[in-house]
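Open your viewer and get ready to click along. We will go from stop to stop, with something to select at each one.

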Amino acid sequence: MSACPTPDRPDRRDTPGTRTTREAFRAGIRAVLPLAIGVLPFGMVYGTAVVESSISNWVGGLASSIILAGAAQLALVDLIDDNAPWTVAVGTALVINARFLMYSAALMPSFAEYPRRWRVPMAMLITDQTAVTSLLYNETDHDPNRRRFFYLGVGLALWVSWGVGTWIGIALGASVSNGFQLEFAVPLMFLALLVPSIRDQSSLVAAIVGAAVTLVARDVPFNTGLLIGAMFGIAAGMLTSAASAASGAIGESAAGAESTATDGSDQ
Amino acid sequence: MSALTMVILAALGSLVIRSALVTALAGVTIGPRVGRGLRLVAPSVLAGLVAQTLLIQESMSESMGGSTGELVGESTGELLFRSLGSWHIAAAMAALVAWRTRSVAITLAVGMTAVWLLELV
């Protein structure tokens, strides 16, 4: 299994500058393969939830193909099963997916370079894993075509994996034993993505504040705690970045003044 | 409203969320300050997701249920901190491995192996 080609651990088999679009597509699949495998148990957990609910298996399976969002799908199935009003069920799923708005904002500069007709179909594949893996790759390769095909490789591999995991879960149903700790794959996958995305002090502060506020806001209705946490995290990270830039500027001006004073005393 | 209709509505709504910015604002130039903020999206959201899925769980009430009257667990909807155990230890080990190797594959392998071994103990 190959490692995700982050800037810290580039995939040495393909230098971005020499890749064709086909190679970029394959590199995307290779980069996301560990995550695609990690998505399988998550899909199985969701598939089991579908079997244990009143929703028909094919509707639950279809949701994986067209919604492509684990947490939102689990909440949707749960709420439909509880006979919640459709506004609450659909609204909750959409609020959970609202974080994709943030990812799409982060991906906006690279999407702007893609042909217009590609943007909506490609946006369908935005998930936590697709966004983070592609954003890391985009830092190493500035060619829009290769970026597009890398993204497609990542997105399609995850889409297939999520669907396969769902149908395995539906097929096995309640026989998916909790003894395998499959649910642990969910936080583990997010953790494996989180750590490489922390590269400096501001991203560390953003992560700590994001996590802390999400925990504090866990009882806020419709699962909006995650969004609130993310917004506080981003704000805290930006403040840290601004503060370190300001202290750097003060340091430079102080050094400059000291240098001028020294120069003056020498004369 | 049928489950199928709700699934389709959720899918359409999710597509709007995913594509709104990348289509409507695709030509907008991003300033350096906004660019810095966008780079913080991933760590903020992912840390929140880790916190939610690792540290929090729904409380369960046990009751007699089912056709055979067996003891079944039912979610009460209350969100509580997960008691300290194998998940936390395995996650800490995985985080250390992720930090040292920056490899998703090794992190997932170590984390899952650790939680299985800790459950055996």
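Before the first stop, a word you will need: a pocket is an open set of grid points with protein on both sides within 12 Å along at least five of seven lines. Keep in mind, too, that you are looking at a predicted model.

**Stop 1: the second largest pocket.** Select Leu135(A), Glu139(A), Gly35(B), Leu38(B) and Arg39(B), which lie nearest the centre of the second largest pocket among its 26 lining residues. Its volume is about 630 Å³. Now colour the elements that each give two or more residues to this lining: α5 (99-111), α7 (128-138) and α10 in chain A, plus α2 (32-39) and α3 (41-55) in chain B. Sorted by class, the lining holds 12 nonpolar, seven polar and seven charged residues.

**Stop 2: Thr214(A).** Stay with chain A and find helix α10, residues 201-216, where Thr214(A) sits. Is Thr214(A) buried or exposed? Thr214(A) is buried, because its relative accessible area is 1%, and buried means under 20%. Show its side chain: a polar atom there lies 2.6 Å from the backbone oxygen of Gly210(A). Then look beyond the neighbours within four places in sequence, and you will find Thr214(A) in contact with Gly225(A), Leu226(A) and Gly229(A), as well as Gly48(B) and Gln52(B) of chain B.

**Stop 3: the largest cavity.** How do we find empty space inside a model? Rolling a probe the size of a water molecule over the atoms shows where empty space is left. Searching the whole structure turns up one cavity of 30 Å³ or more. To centre your view on it, select Leu68(A), Ala69(A), Gly70(A), Thr127(A) and Gln129(A), the nearest to its centre of 14 lining residues. In chain A, α1 (21-52), α3 (70-81), α5, α7 and α8 (144-172) each supply at least two residues of this lining. The lining has nine nonpolar, three polar and two charged residues.

**Stop 4: Ile17(B).** Move to chain B and pick Ile17(B) in helix α1, residues 3-24. With a relative accessibility of 15%, Ile17(B) counts as buried. Which residues does Ile17(B) touch, not counting those up to four places away in sequence? They are Leu94(A), Asn97(A), Ala98(A), Phe100(A), Leu101(A) and Ser104(A).

**Stop 5: confidence.** Finally, colour chain A by pLDDT. Its mean is 85, and 85% of its residues reach 70 or more. Select residues 1-14 of chain A, where pLDDT stays under 50. For that stretch the model has 36 contacts beyond four places in sequence.

Terms used: Residues are numbered from 1 along each chain as its sequence is written. Chains are lettered from A and ligands numbered from 1 in the order in which they are written. This is a predicted model: local features need pLDDT of at least 70, side-chain atom pairs count only at pLDDT 80 or more; totals for chains, interfaces and linings use all residues. Side-chain values use heavy atoms; hydrogens and water are left out. Helices (H or I, at least four residues) and strands (E, at least two) are DSSP runs, numbered from the N terminus. Buried means under 20% relative accessible area, exposed over 50%, partly exposed in between (1.4 Å probe, protein chains only). A polar contact is a pair of N or O atoms within 3.5 Å; within protein, one must be able to donate a hydrogen and the other to accept it, and residues adjacent in sequence count only if both atoms are side-chain atoms. Contact means heavy atoms within 4.5 Å. pLDDT is the predictor's confidence in each residue, from 0 to 100. On a 1 Å grid over the protein atoms alone, a cavity is a set of points where a 1.4 Å probe fits but cannot get out, and a pocket is an open set with protein on both sides within 12 Å along at least five of seven lines; lining residues have an atom within 4 Å of a point. Grid points are joined across faces, edges and corners, and a volume is the space filled by probe spheres set on the points. Ala, Val, Leu, Ile, Met, Phe, Trp, Tyr, Cys and Pro count as nonpolar, Asp, Glu, Lys and Arg as charged, and the others, Gly among them, as polar.
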